[in-house]
Amino acid sequence: MKNKITPLQLFFILLQAQIGLGIFWIDKQLFQTAKNNSWLSVIIAGLGTQIMISVIWYFTKKYKYSNTTSLLRGLLNHKLGTCISSFYTIYFLCVQILIVFMLAQILQQWVLPETPTMALIIITVISILYTSGHSIQSHVYFYSFMSIITAVCFLFFIPALQNVDIRYLFPIMHMKQFALLKGAAIIFVIFSGFETLLFYMGYVKEKDDPTVYKAATWANIAMTVFYTFVVFIITTSFSPEALKNTPQPIVAIFKGYQYGMINRYDDLFLGLWLFMIISSVINYSFLATQNMYIITNKKWRLYKLSFVNAAIVFSGAVYINNIQKVNNFKTFFGWLCLGATIIIPLLLAIKTFFTHKEIKQ
Amino acid sequence: MMKKMSLTILCALFLAGCWDQDSLKEIRMPTILSFDSHDKHDISGRALIRVPIGTSKGEEKMTNEQIAVTGNNLLDCYNKIDQRSSEKTNYSQVQVMLLGEDYAKKHIKNFIDSYLSLNKSSYNAQVAITEGKASDIMQKRKKNTPLLDEYLTNLVETGIQLNMTPNTTSKIVHNQLHDPGYDVVIPYIKETKQEDILALAGVALIHDGKYTGETLDTEQTELLLAFMKQYGEKMWIPEKKELETMPFLINKVYSEYNVNEKTATADNIDITYNLTMHINVNEQSDHLLNTPKKLKAANKKLSKYYTAQAEKLFSKLHESSCDALGIGRSLIAYHNDLWCKLKDDKDYYQKISVTPKINITIVNTTMTR
């Protein structure tokens with residue numbers, strides 16, 4: 001049973017991988033495109049995610065393998081498999097860089113304006129360094145434990161319902177064609193995290209068990225409902241014009257509350273949400289380290305690789321320090337994300353459809 | 001073990017709180033800000049700070065200190081306040097922001113935007129407009145009253161709790177000022193002539209991010225708030241002579257409006273606004289409402305009286321084209337075709353004629369409580 005996970009544990013892993021920084025990506029870019037129908041865009045993006053989850057499950061369940069790199073090597077050939085695995089490693093590193101950088105930026109903007117960005121980056125990188133070299137089992141225990149904090153975090157959103165103006169949701173569908181789909185394309189980035197299923201499938205014992213698919217589906221449903229709810233709250237709390245000059249609307253909503261003694265509700269929220277972001281970033285750091293371990297044919301020790309991972313993330317996050325670089329990096333990341341979440345899984349599924357060869361371990 | 005130890009020490013070195021700590025003795029936190037227009041383009045600002053003074057008995061007493069500055073824009077004023085005060089200024093505890101009449105007539109929008117863009121600004125600061133200059137009100141000091149900042153804060157907050165004024169935190173005002181289908185109303189603070197004290201005197205009507213110069217008195221404000229479904233503990237006392245014996249409390253309010261789409265044109269949209277109030281009358285012993293006939297008559301009288309009041313209210317809103325109820329927002333949401341004809345005009349409220357109708361039903365009567 002060592003290094004194997006159950007479907008329930010898979011559910012928690014996927015949930016933690018997807019919930020995290022995404023909540024801060026829901027900003028003016030989405031609302032300028034899809035306007036008051038943004039919540040429909042989120043549902044469309046959720047449906048797209050569900051299709052991709054089905055695609056990934058379709059081809060991974062057919063084979064027996066212990067890690068995805070060996071699947072890729074067997075399915076394609078040794079060189080191409082290593083190449084795609086390296087691509088995913090780069091992708092996981094980029095996700096980490098982006099999360100670490102954006103987390104530092106958000107903390108600096110809302111809570112700690114005088115703290116140097118470097119210090120905030122180092123704090124996150126230390127937690128990445130500490131967790132990335134461990135086994136899947138310890139990660140799974142951590143995620144299961146984190147689900148308690150997730151539940152508490154959800155309670156935070158309930159008071160947000162008290163001063164919503166439902167009129168901001170209407171009129172429905174009164175807009176340009178394809179605006180909804182464009183919005184869905186923008187918001188699809190926050191659903192990224194499901195592509196880790198491709199790698200976690202290697203740890204699942206009985207891959208053709210339908211409960212595995214069910215677990216992934218339920219994680220996706222939970223995500224879609226959650227993000228739809230968040231978008232609903234944001235749309236109904238701000239007038240469209242006010243949304244344009246609010247950088248992270250969800251934090252602004254929490255900042256506007258005052259309950260008795262608690263004056264800065266947003267500090268409390270950010271403090272708790274930090275756990276969610278960290279738990280999603282260590283998900284990627286774990287996968288990046290494991291991938292590097294397998295690509296280098298297990299020549300390097302795992303903990304050395306976790307230092308390499310942390311060093312790359314740190315230098316990357318420090319490098320993107322002005323708005324030009326950030327925008328370039330975000331565009332680059334968008335393409336990387338498209339490749340990792342849609343194009344490669346689809347190509348692999350097509351390849352599987354036409355070949356029926358056994359994978360040798 | 002060594003690895004863990006070194007990591008812990010490394011973490012401790014980078015604890016983020018150290019950079020951002022603001023110890024109380026090193027910062028000054030204004031509780032009231034006020035702004036007036038000064039000459040043509042300049043702005044004069046005032047910040048009221050609470051400072052402790054030691055008394056001869058050894059106990060600490062609080063007193064208010066004011067910093068008055070003049071600058072050519074708002075950020076300049078904030079900068080100058082920083083320069084004049086001996087310590088760092090932190091705006092996170094601002095409770096009330098007073099705007100002078102003249103200043104509010106120029107731009108409220110800029111003011112709110114620049115306040116919210118300040119580092120550590122408070123989203124919960126209440127905004128209010130004063131009669132005359134805000135700095136005059138700031139300089140009022142009575143001997144036996146509590147500190148001015150405490151007095152002003154309590155004045156506005158009690159007004160909200162008793163539903164005498166709407167809740168206008170900087171966040172809410174910012175939100176509604178940036179809404180094309182909404183106009184905000186802001187509490188109006190006035191100095192009463194006889195007793196020389198500060199009091200709430202209804203609300204100021206804002207249109208297009210500027211104070212129109214028109215105000216509603218307290219009765220009209222309460223009626224407006226009932227239309228906004230903000231009602232509560234406040235006892236309503238009709239002013240009309242024959243109704244004076246029927247003070248009442250509101251139990252429940254139902255409101256609905258009807259847009260007459262058939263007769264609607266680009267220049268005139270008819271809206272009927274119905275408000276049903278379930279009330280609890282406080283009976284007087286010499287005017288008992290003990291028969292169904294008397295109750296019916298009372299219902300009718302009250303309804304008629306308040307419908308007439310509401311007509312006055314809406315004609316006043318119409319004059320200053322202040323869409324305080326957000327009818328434009330409702331049109332955007334539910335009658336978008338009509339709104340498309342109106343939306344280019346900032347004074348769209350001029351083209352909307354609202355016919356209010358108030359139905360009052362007495363659901364309960366009490367003599368003593």
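This is a predicted model: local features need pLDDT of at least 70, side-chain atom pairs count only at pLDDT 80 or more; totals for chains, interfaces and linings use all residues.
Residues are numbered from 1 along each chain as its sequence is written, and chains are lettered from A and ligands numbered from 1 in the order in which they are written.

The predictor assigns the complex an ipTM of 0.85 and a pTM of 0.89.

Chain A contains 16 helices and zero strands; helices (H or I, at least four residues) and strands (E, at least two) are DSSP runs, numbered from the N terminus. Its radius of gyration, taken over C-alpha atoms, is 20 Å, close to the 21 Å that the globule rule (2.2 Å times the number of residues to the power 0.38) gives for 361 residues, so chain A is as compact as a globular protein of that length. The C-alpha trace of chain A spans about 60 × 45 × 40 Å along its principal axes. Buried residues (under 20% relative accessible area, with a 1.4 Å probe and protein chains only) make up 57% of the 361 residues in chain A. Considering contacts (heavy atoms within 4.5 Å) between residues at least 6 apart in sequence, 86% of those in chain A join residues at least 24 apart.

Chain B has 11 helices and 13 strands. Along the principal axes, its C-alpha atoms fill a box of roughly 85 × 65 × 60 Å. Of the 369 residues of chain B, 48% count as buried. Among its contacts between residues at least 6 apart in sequence, 68% join residues at least 24 apart.

B:Gly159 lies in helix H6 (residues 148-161) and is buried, with a relative accessible area of 2%. Apart from neighbours within four places in sequence, B:Gly159 is in contact with B:Met164, B:Thr165 and B:Leu200. B:Asn274 stands 115 residues from B:Gly159 in sequence, and the C-alpha atoms of the two residues are 26 Å apart in space.

Terms used: Side-chain values use heavy atoms; hydrogens and water are left out. Buried means under 20% relative accessible area, exposed over 50%, partly exposed in between (1.4 Å probe, protein chains only).
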